Amino acid sequence: MTSISCKVEGMHCTNCALSVSRYLEKKGMENVNVSFATEEVSFTAPAGADSAEVLQGINHLGFRVVLPDQAPTQVSVFNTLTFKFFFCLIFTLPLLLHMWVDWHWLHQPWTQFWLTLPVFLMGLWHFGKSAIRSIMNRMANMDVLVTLGASAAFVYSLIGTIVMGNPEYMFYETSAAIITLVFLGNLLEEKSVKQTTSAIAELAGMQVTTARLINTDHGHEHIHEVDNRTLRPGDCVLVNTGDKIPMDGTIYWGSAHINESMITGESEPVSKKEKDKVIGGTILEEGSIKVYITATGKDTVLSYIIELVKQAQQDKPPMQRLADRISAIFVPLVLSIAIITFLGWYFIGHTSLATAMMRSVAVLVIACPCAMGLATPAAVMVGLGRAARHGILIKGGHTLELFKNIKQVVFDKTGTLTTGKLVLRNYHSSLEDMAFRKIVYSLEKYSSHPIARSVAAMWKSAGEVPLQQVREHKGLGMRAKDPEGNEWQLGSFRMAAGVTQDDSHNLYLLRNGALMGWLDFTDEIRPEADTVIRQLKEAGIKPILLSGDTSRKCQELAAALGITEIYAEQSPQQKLQQIDRLMQTAPTAMVGDGINDAPALSKATIGISLSDATQVAMQSANVVLLNNHLGSLPLALGLGKHTYLTIKQNLFWAFIYNVVAIPVAALGFLNPIVGAGVMGLSDVVLAVNSVRLRYKNVSH
């Protein structure tokens with residue numbers, strides 16, 4: 001199977017995107033995702049399928065496929081919706097003027113014909129081509145309705161002009177107004193929908209900058225300004241105050257404060273020094289550094305985020321499937337209603353041919369299948385875009401739909417509710433203080449255990465004792481001999497069980513089998529953890545602690561944070577079983593960061609990972625908090641719920657609009673010109689409602 005991603009130019013409405021999607025599915029393509037707003041198309045071609053032929057078929061639909069290695073087409077000003085609308089408006093305004101002024105020349109049939117003809121031809125060029133191609137591919141779209149409505153009014157008027165010569169048969173202004181107002185609606189929709197994709201545009205704009213490339217010649221450094229897109233891994237660059245980091249890399253000289261808010265959503269600058277990693281697109285606020293480039297292009301963190309957001313925005317929530325099924329039969333259904341309307345009014349209602357036709361045309365132009373197609377993607381794009389700007393990566397529109405039912409959030413302990421950084425709480429020894437520190441440091445510097453690293457970093461300045469035969473016993477601790485022949489042991493209670501019954505300490509120091517002292521550590525609670533737990537409780541969401549740590553430590557943490565349900569000393573398999581059991585009682589989110597959390601993250605209704613989590617945990621999660629800040633969790637939950645609410649509001653409007661508007665038009669209560677204007681604005685209502693998500697208070 002081959003995965004294919006490309007851009008498809010020329011999709012000017014969501015119905016166009018639906019046509020492309022249905023075409024690909026009809027050709028047997030799998031995992032089809034088509035976004036009208038971003039013009040992104042992706043699908044998987046099964047083994048044996050001719051993907052080149054499939055892409056050519058998209059071109060035959062009237063669109064243009066642009067592969068990743070191709071340059072996008074430069075759009076002529078004459079092909080823009082703005083030009084087409086204003087071109088039509090110039091001729092349509094005088095036509096509409098004749099309804100209010102008694103200028104004799106404006107009432108002449110041939111004057112109206114020549115004013116309408118340029119508008120009608122522009123409409124045929126834009127909507128007619130699309131309508132004909134969609135019919136040829138047996139996937140009728142909205143342009144079929146617009147073309148039929150405008151053509152019916154124009155042809156009827158032309159016949160009246162040639163055969164009757166009677167102004168009562170003149171409906172030229174109806175034809176011109178339909179086309180002009182639909183162009184206006186499409187233009188407003190295009191501009192509104194662009195607002196929904198602004199988050200990706202902002203992120204993408206951060207990718208392009210200049211870089212100061214360092215070239216070394218005979219020991220002398222020469223600096224050249226280059227486009228950052230020309231950089232390759234292994235290059236060295238200089239970054240000064242106010243510059244953007246050109247690409248991902250590692251600092252090999254200097255220190256700085258870097259603003260990473262565009263990645264993490266965290267406004268406070270982060271201090272960076274030698275050997276620290278930096279992210280391309282972030283801004284150096286203070287300092288000067290030299291960076292060794294480690295990743296460029298699609299391998300950078302920013303590119304990964306953009307790609308993930310794009311994929312998520314293309315992902316359809318289950319709610320959209322119903323709308324897609326209805327959209328697939330919408331145009332044939334409207335055509336049938338329009339025909340029934342004409343026949344009913346002409347033969348049963350005994351109205352004139354002109355009246356019956358105008359009411360039929362009103363049905364054609366009031367219907368809006370695009371509204372149902374736009375309802376979900378508009379809200380999803382805004383919701384996921386806002387989340388990305390706040391350092392929250394939500395993987396897929398389907399995840400948004402899951403947020404609405406979350407009733408309990410399960411937290412891992414170490415690295416999630418706590419920082420994972422151990423802090424010395426207390427220690428005691430029968431040795432002199434400095435001697436105790438020296439021997440502890442000398443033993444722990446050989447260990448890779450987190451506690452050992454914390455002690456070694458803290459007591460390095462105490463100096464050291466030369467030790468021999470240093471050994472680390474996994475699960476127990478360290479063992480060594482000093483020059484005097486004393487045997488030292490430093491480890492857990494299991495190592496000291498023979499000399500003490502007190503198991504409440506983290507580390508025990510023994511000399512020749514006698515207890516010399518102990519150390520207690522505490523895993524620092526995240527500063528924001530207490531606030532997050534309180535906010536969840538206020539929102540009616542139950543917090544639960546699920547950890548592999550000891551029962552005593554879990555009880556202490558739970559008591560400090562106000563968590564009442566605790567599961568301690570759990571293996572990865574037991575965590576998985578607990579999540580499975582909890583999900584049977586209510587939809588459950590899981591927040592974790594370690595490899596041992598990955599199975600539970602995958603099993604949970606929504607898996608949430610922190611950005612400094614293991615790669616496995618991040619890949620298993622549905623949501624990643626990029627700023628490694630638990631405080632983003634309520635925003636993620638709130639944003640998910642409100643995005644789903646916006647989707648429901650949009651779909652409600654799309655269905656109700658069509659359910660009410662079509663019968664109103666069929667019953668003769670709506671002028672076709674008014675119908676065209678209302679139809680053009682219906683999509684804008686959805687886009688504006690979706691854009692509200694960018695500014696809406698979504699906190700619980």
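I take contact to mean heavy atoms within 4.5 Å.

**Entry 1. Basis**

I worked on a predicted model, in which local features need pLDDT of at least 70 and side-chain atom pairs count only at pLDDT 80 or more, while totals for chains, interfaces and linings use all residues. Residues are numbered from 1 along each chain as its sequence is written, and side-chain values use heavy atoms, with hydrogens and water left out.

**Entry 2. Tyr441**

I looked up the neighbours of Tyr441. Leaving aside residues within four places in sequence, Tyr441 is in contact with Ala456, Trp459, Lys460, Gly463 and Glu464. Tyr441 is part of helix α15, residues 433–444; helices (H or I, at least four residues) and strands (E, at least two) are DSSP runs numbered from the N terminus.

**Entry 3. Phe63**

I found Phe63 in the loop between α2 (51–60) and β4 (64–66). Its relative accessible area is 11%, so Phe63 is buried. With neighbours within four places in sequence left aside, Phe63 is in contact with Val8, Glu9, Gly10, Met11, Cys16, Val20 and Ile58. I also recorded 9.2 Å between the C-alpha atoms of Phe63 and Ser130, which are 67 residues apart along the chain.

**Entry 4. Whole protein**

I counted 24 helices and 24 strands in the protein. Of the 700 residues, 51% are buried. Among contacts between residues at least 6 apart in sequence, 67% join residues at least 24 apart. The accessible surface comes to about 31300 Å², and 58% of that surface belongs to carbon and sulfur atoms; the areas come from the Shrake-Rupley method with a 1.4 Å probe.

**Entry 5. Nonpolar cores**

I define a nonpolar core as a set of buried Ala, Val, Leu, Ile, Met, Phe, Trp, Tyr and Cys residues joined through side-chain atoms within 4.5 Å. The largest one has 52 residues, and Ile178, Ile179, Phe183 and Val334 have the most contacts inside it. Elements giving two or more residues to this core include α3 (81–97), α6 (172–196), α10 (319–348) and α11 (353–366). The most comes from α11, with nine residues. Another core, of 45 residues, lies apart from this one and has Ile563, Val623, Leu637 and Leu686 among its members. I then listed what Phe183 touches, not counting residues up to four places away in sequence: Leu81, Lys84, Phe85, Cys88, Met122, His126 and Phe127.

**Entry 6. Helices α3 and α4**

How do α3 and α4 pack, and at what angle? I read an angle of about 155 degrees, with the axes 9 Å apart. The pair is therefore roughly antiparallel, a term for angles over 145 degrees. The contact includes Phe87, Cys88 and Phe91 of α3 and Val119, Met122 and Trp125 of α4.

**Entry 7. Positive phi**

Phi of Gln469 is near 50 degrees, a positive value. Gln469 lies in strand β15, residues 468–473, and counts as exposed because its relative accessibility is 54%. Phi of Asn512 is near 50 degrees and positive. Asn512 sits in the loop between β18 (507–511) and β19 (514–525), and at 47% relative accessibility it counts as partly exposed.

Conventions: Buried means under 20% relative accessible area, exposed over 50%, partly exposed in between (1.4 Å probe, protein chains only). Axes are lines fitted to C-alpha atoms, for helices over the stretch in contact, and angles run from 0 to 180 degrees between N-to-C directions. Angles under 35 degrees count as roughly parallel, over 145 as roughly antiparallel, 65 to 115 as roughly perpendicular and the rest as oblique.
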